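Hello,

Here is the structure we talked about handing over. Please open it first; my notes follow below.

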Amino acid sequence: MAIIKEFREFIARGNVIDLAVGVIIGAAFSNIVKSFTDDVIMPLIGKILGGLGGLNFKDYFIPLDGQFTAYKTLEQAKASTAVIAYGSFVTIVIQFLIVAACVFALVKVVNKLKRQEAVKPEPTKTEALLGEIRDLLKKDRVA
C-alpha cells in the first residue's frame, strides 16, 4: 500500500504531468515537421537541385551488392540487397534541424517571458513615500 501511495504522489506532481503533456505535444509536432519536410521542403530542394525533373531524396541510396544501375527505387534495392539509404538520412537530418530550430525559438520566447516577470517595476513616488512613512513609524515603535 505504501508503494501505491508513493507512486500516486509521484504521478500527481506537476512536473510529471507537464512532462507527459510535453511528450504528447512533441509527438504530434514531430508528425507536423515530418509532413512539412517530406511534402514541402524536400520537394523544393529537389526542384532547385534537380531542375525541371526534380529529385526524390528518398531514392538516393547505395546498393551494397555493387549493382548501381539495377535498382530504380529504394524499395527495389532493399528487396534484393542491403543498402545505404543516404537520401533518407538527409531528410531526417533536415527534420531534426527544423525541430531543433523550433525548440530553440520556443525556449528563447519562454526565457524572455520569464525575465520580464522577474523584473519588478520601480515603485511610484506615492509608494516610495508610503514606504518611508512605514519605516519611520516602525522606528518610532522600536525607540
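The largest pocket has a volume of about 330 Å³. A pocket here is an open set of points on a 1 Å grid over the protein atoms alone, where a 1.4 Å probe fits, with protein on both sides within 12 Å along at least five of seven lines. Points are joined across faces, edges and corners, and the volume is the space filled by probe spheres set on them.

This is a predicted model: local features need pLDDT of at least 70, side-chain atom pairs count only at pLDDT 80 or more, and totals for chains, interfaces and linings use all residues. Residues are numbered from 1 along each chain as its sequence is written, and side-chain values use heavy atoms, with hydrogens and water left out.

**Pocket lining**

Lining residues have an atom within 4 Å of a pocket point. For the largest pocket they are Gly22, Ile25, Gly26, Phe29, Ser30, Val33, Lys34, Gln95, Val99, Cys102, Val103 and Leu106. Helix H2 (14-50) and helix H4 (86-118) each give two or more residues to this lining. H2 gives the most, with 7 residues. Helices (H or I, at least four residues) and strands (E, at least two) are DSSP runs, numbered from the N terminus. By class, the lining has 7 nonpolar, 4 polar and 1 charged residues. Nonpolar covers Ala, Val, Leu, Ile, Met, Phe, Trp, Tyr, Cys and Pro; charged covers Asp, Glu, Lys and Arg; the others, Gly among them, are polar.

**Salt bridges**

The whole structure has 2 salt bridges (a side-chain nitrogen of Lys or Arg within 4 Å of a carboxyl oxygen of Asp or Glu). One joins Asp38 and Lys34, at 2.7 Å, N to O. These two are 4 residues apart in helix H2, so about one helical turn separates them. Asp38 is buried, at 18% relative accessible area, while Lys34 is partly exposed, at 39%. Buried means under 20%, exposed over 50%, partly exposed in between (1.4 Å probe, protein chains only).

Arg134 and Asp135 form a salt bridge at 3.3 Å, N to O. Arg134 is partly exposed, at 47%, and Asp135 is partly exposed too, at 37%.

**Overall fold**

The protein has 5 helices and 2 strands. From the N terminus, they run α-α-β-α-β-α-α. The radius of gyration is 30 Å, well over the 15 Å that the globule rule gives for 143 residues, so the protein is more spread out than a compact globule. That radius is taken over C-alpha atoms, and the rule is 2.2 Å times the number of residues to the power 0.38. Of the 143 residues, 13% count as buried.

Best wishes
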